[in-house]
Amino acid sequence: MTEIYDVVIVGAGTAGLTAAIYGRRAGLKVLMIEEGIYGGQIVNAQSVENYPGIMKISGYQFANNLYEQATGLGAELVTATVTSLIRITAEKIIPPVKQIQFEDGVTRSIQFDPIYSDSNRELKEGWEVKTTAGDYKTRTVILATGVKKRKLEIPGEENWLGKGISYCATCDGAFYKDRTVAVIGGGNTALADAEYLAQTCKKVYVIHRSRVFRGDLDTEKRLKAKDNVEMRVNTILTGLEGDERLEALKLRDALTGADWELQVDGLFVAIGQEPANKAFRSVVQLDPQGYIMADEDCKTNAPGIFAAGDCRTKQVRQLTTAAADGTIAARAARIYINTKQKGR
Amino acid sequence: MAVKQIGTDNFETEVLQTEKKVVVDFWAGWCGPCQMIGPLIEQLSEEMPEIKFVKVNVDDELELAGKYKVESIPTLIVFAAGKEVKRQVGALPKTAIRQFIEN
């Protein structure tokens, strides 16, 4: 007989792992499906100092603690990519109201529970989660797919990953000591990356396609004051040049249209993040940016499917809000299951 | 087989002059994803006895990392008959690491 889960959680980052903890503590049968390494975005953070109750912890340690907590409670984890979600429904027969005479002589109207068209113990209503490593049947689904770093989508980007192109300044900056690098982006990550790299690199260029930076003004001011940092606004990246490794950037002035080349040893990409919910777009509503439409109650438009963490529409994306969503989604799943079991 | 830490001194003998296929794990203590795959590499070294697994701490061996053009960690490089066969930049789950080594 196929195993039936109470909750299948797609994604084992902070939101997914928290949902697994709450789900297990409520006695639910929980499976997490993760396509990469568990822990999510926070694994890359060297130091987390703003999680309430934890003075300072490495991102890796935080993620590992969450993982041990969830799996220690009995949550299962499988490495796979979810390809689609298929609704399972069975024909429900609602018996007519019966008039029954009780021992006290009074006749009462009784509505019996619905009968399902097949009387074995298979899942009557729920979801089939199709993945690259098998299919899973479940009563509810929690989508906790987070976000991924946005790619440039310029030829050469794939080839030179680790050979001049990086998406994590704190991870890879050490390898560019006394070299010339560029950071592309206009938000907080780009500015923070540039500030970090300016400590070890000979020269840091900050390339931004608009005139104004979206990031923190104080960081911007500090950067401008540094001798080895040069800000190039209104500058668009049009191409990447190099042989075995990245050697130069092809740039264009957005105002004059003039093309120019900048020789660099490395390029750090910090152009934002985007969700990865394409596999679910026929089942749950997505907003124009691809985030799953759900608010603080974590409910999506699909019955029994909940969204938790960075992957849903929200204003604040932090560890705390991801953990909050995991809690709420797990609770909502439990209530949904209980309600369904009562035949309503 | 446990994963041995090596450096410039013994890279030649431990990696380039070895008969077996060798997987070199370039890592550092401050790198989260490196710490994630560390235990996976240890497990694979027990499960795949036909392959030799070693690790290089890039903080201690920056020159060695530079020599093999390692600019992002974790990086796994597979060596056979003294030459680099292929490399993987970035962390992967255990099944994917195994597939990368085997194929």
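**Note on a predicted two-chain model**

1. Glu153(A) is exposed, with 8 other C-beta atoms within 10 Å; a residue counts as buried if 20 or more other C-beta atoms lie within 10 Å of its own, exposed if 12 or fewer, and partly exposed in between, with C-beta atoms placed from the backbone. The residue belongs to the loop between strand S11 (147–149) and strand S12 (165–166) of chain A. Helices (H or I, at least four residues) and strands (E, at least two) are DSSP runs, numbered from the N terminus. The phi of Glu153(A) is near 60°, a positive value in a residue other than glycine.

2. This is a predicted model, in which local features need pLDDT of at least 70 and side-chain atom pairs count only at pLDDT 80 or more, while totals for chains, interfaces and linings use all residues. Residues are numbered from 1 along each chain as its sequence is written, and chains are lettered from A and ligands numbered from 1 in the order in which they are written.

3. Asn234(A) also has a positive phi, near 50°, and is a residue other than glycine. Its place is the loop between strand S15 (229–232) and strand S16 (235–242) of chain A. Asn234(A) is partly exposed, with 15 other C-beta atoms within 10 Å.

4. In chain B, the peptide bond that joins Ile73(B) and Pro74(B) is cis, with omega about 5°. Pro74(B) lies in the loop between helix H3 (62–67) and strand S4 (75–80) of chain B. Most residues other than glycine have a negative phi, and most peptide bonds are trans.

5. Within chain A, helix H1 (residues 14–25) packs with helix H2 (residues 59–72) at an angle of about 30°, their axes being 8 Å apart. Axes are lines fitted to C-alpha atoms, for helices over the stretch in contact, and angles run from 0 to 180 degrees between N-to-C directions.

6. On the H1(A) side, Thr14(A), Leu17(A), Ala20(A) and Ile21(A) meet Leu66(A), Tyr67(A), Gln69(A) and Ala70(A) of H2(A). Residues are in contact if their C-beta atoms, placed from the backbone, lie within 7 Å. By class, this contact has six nonpolar, two polar and no charged residues. Ala, Val, Leu, Ile, Met, Phe, Trp, Tyr, Cys and Pro count as nonpolar, Asp, Glu, Lys and Arg as charged, and the others, Gly among them, as polar.

7. Between the chains, the contact takes 18 residues from chain A and 15 residues from chain B. Helix H2 (residues 32–47) of chain B gives the most to the side of chain B that touches chain A, with four residues.

Key. Contact = placed C-beta atoms within 7 Å.
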